[in-house]
Amino acid sequence: MSTMNAKASSGGEEEALGMRSDTLGESVCSGEGKRRQMILVAYLIATLELTFLFMQMGVMPYLAKSLGLDLVGFGYLQTTFGILQLVGGPIFGRFADQFGTRAALILSCASGSAFFLLMSISTSIPLLFLSRLPAVFMHGLPGAQKVITDLTTPSQRADALGKLGLCFGIGIIIGSALGGVLSTKFGIFVPTYIGLVGNLINTTIAMVWMPLQAKPKSDHCVMEHSNVFSIREILRLMKFPGVMEVFIVKAFAGLPTGLFLIMFSVISMDFFGLEAVGSGYLMSYFGVLQMVVQGLVVGKLTNHCTERTLLRLSVFVFAGVGLGMSLMRTVWHYCIIAVPLVFAFSTLGTITDSILTKAVPSSDTGTMLGICASVQPLTRTVGPTIGGVLYKQFGVSSFGYLQLIVNIGLFVYLLKSKIPLREMKSK
């Protein structure tokens with residue numbers, strides 16, 4: 001009897017262990033499924049927000065003109081938008097670190113709704129300038145990057161961040177086309193109504209499908225009592241090993257090309273002799289390249305090359321792009337140069353974001369992404385002035401020469417310096 005009881009007891013323990021392992025396996029699979037779902041939702045929110053943003057960018061010049069705003073005034077309008085995004089980026093990141101990605105995405109989508117609401121009732125120039133104000137918190141792309149950073153391991157991060165390029169490309173292609181079609185067929189304000197409804201839907205998606213926290217609660221406790229608007233806390237991140245060096249490379253490597261792209265609407269008319277339709281085709285071509293390169297190529301490269309190698313490669317390719325731009329004479333030359341240009345931009349942006357989020361504590365990744373997101377608004381703010389001077393005084397080739405000189409200097413700096421690149425986040 002005792003032997004039978006022992007066997008029965010042993011069998012019961014094995015059965016219990018088997019059930020426990022099955023339950024553990026199911027919970028792991030369930031957790032992995034939820035993470036994938038949250039990342040997909042982040043991609044969806046980013047795609048929709050970028051689509052509506054590019055839609056209004058295509059309509060804005062015509063709306064401003066219909067209200068009597070001249071070219072100088074339109075420049076001030078664009079600068080206002082850039083400054084608000086520049087200031088809001090780090091603050092939005094701090095908000096995400098303290099209150100979670102769900103709250104941050106809701107804030108971004110709600111700000112987008114307010115942005116399009118004010119734009120839809122802009123019957124005067126002051127109202128049009130007022131409609132730019134919510135842009136200070138419109139940071140759907142950094143919000144999606146924050147979700148991905150929280151839910152991926154350091155080895156998976158660059159690939160996952162790179163796939164956001166698909167969202168960007170879709171936004172450029174669909175948004176630009178949709179804005180033109182809607183405004184032409186149904187009126188200049190119709191795209192703003194679509195943007196308002198779309199952002200309200202985006203807000204609902206963030207509220208329903210995003211959990212309260214994307215990472216463990218312990219990650220937030222460090223920031224619990226700090227001020228969202230603290231400049232000292234934002235600048236503190238620059239003191240971590242390697243952060244300042246990588247950020248300088250991120251900010252300056254693509255700056256000359258960024259100036260060229262800001263002036264592209266003028267260059268396409270004066271230098272290439274294109275009409276509006278031709279410029280639209282070029283934008284679509286640029287968007288397709290962005291989708292292919294960042295969505296497919298960069299991810300595969302991150303699986304085979306180190307981040308240090310890819311950082312150097314992107315700067316080296318940027319130098320080659322500068323040489324090509326200095327020799328560029330026709331639109332077909334630009335179409336060829338655009339391939340390495342998009343590759344360098346995509347690789348540099350993805351790799352630097354990945355490196356910088358690994359270099360700071362996990363409780364500060366949102367702030368770091370906000371600082372990274374301020375690079376483009378900074379270029380948009382100073383770009384019209386600097387780009388205008390370069391183009392007027394020295395011509396299109398000056399952008400290429402500047403690109404070549406800056407990136408040769410950065411490439412030599414990267415070869416000689418020993419920038420510490422962490423494989424894991426600081427705890």
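Let's start with contacts: in this predicted model, among contacts in the protein with a separation of 6 or more, 86% are between residues 24 or more positions apart. As for secondary structure, the protein has 18 helices and zero strands.

Now for burial and surface. Of the 427 residues, 50% count as buried. The accessible surface of the protein is about 20,100 Å², and carbon and sulfur atoms hold 70% of that.

Leu44, Met207, Val208 and Trp209 together make a nonpolar surface patch of about 400 Å². Which helix gives this patch its largest share? That would be helix 8, residues 190-209, with three residues. Trp209 is one of the patch residues, and Trp209 sits in helix 8. So how does Trp209 count, buried or partly exposed? Its relative accessibility is 46%, and therefore Trp209 counts as partly exposed; the exposed class would need over 50%.

For contrast, please turn to Ser120, over in helix 3, which covers residues 101-120. Ser120 has a relative accessibility of 11%, so Ser120 counts as buried, the cut-off for that being under 20%. And what does Ser120 touch, if we skip residues up to four places away in sequence? The answer is Phe189, Thr192 and Tyr193. If you have the model open, do have a look at Ser120 with those three residues, and then at Trp209 in the patch with Leu44, Met207 and Val208.

Note on methods:
Residues are numbered from 1 along each chain as its sequence is written. This is a predicted model: local features need pLDDT of at least 70, side-chain atom pairs count only at pLDDT 80 or more; totals for chains, interfaces and linings use all residues. Side-chain values use heavy atoms; hydrogens and water are left out. Patches are made of residues with over 30% relative accessible area and no salt bridge: like charges are joined within 9 Å, nonpolar side chains (Val, Leu, Ile, Met, Phe, Trp, Tyr) within 5 Å. Accessible areas come from the Shrake-Rupley method with a 1.4 Å probe; for residues, only the protein chains shown count as cover. A salt bridge is a side-chain nitrogen of Lys or Arg within 4 Å of a carboxyl oxygen of Asp or Glu. Helices (H or I, at least four residues) and strands (E, at least two) are DSSP runs, numbered from the N terminus. Buried means under 20% relative accessible area, exposed over 50%, partly exposed in between (1.4 Å probe, protein chains only). Contact means heavy atoms within 4.5 Å.
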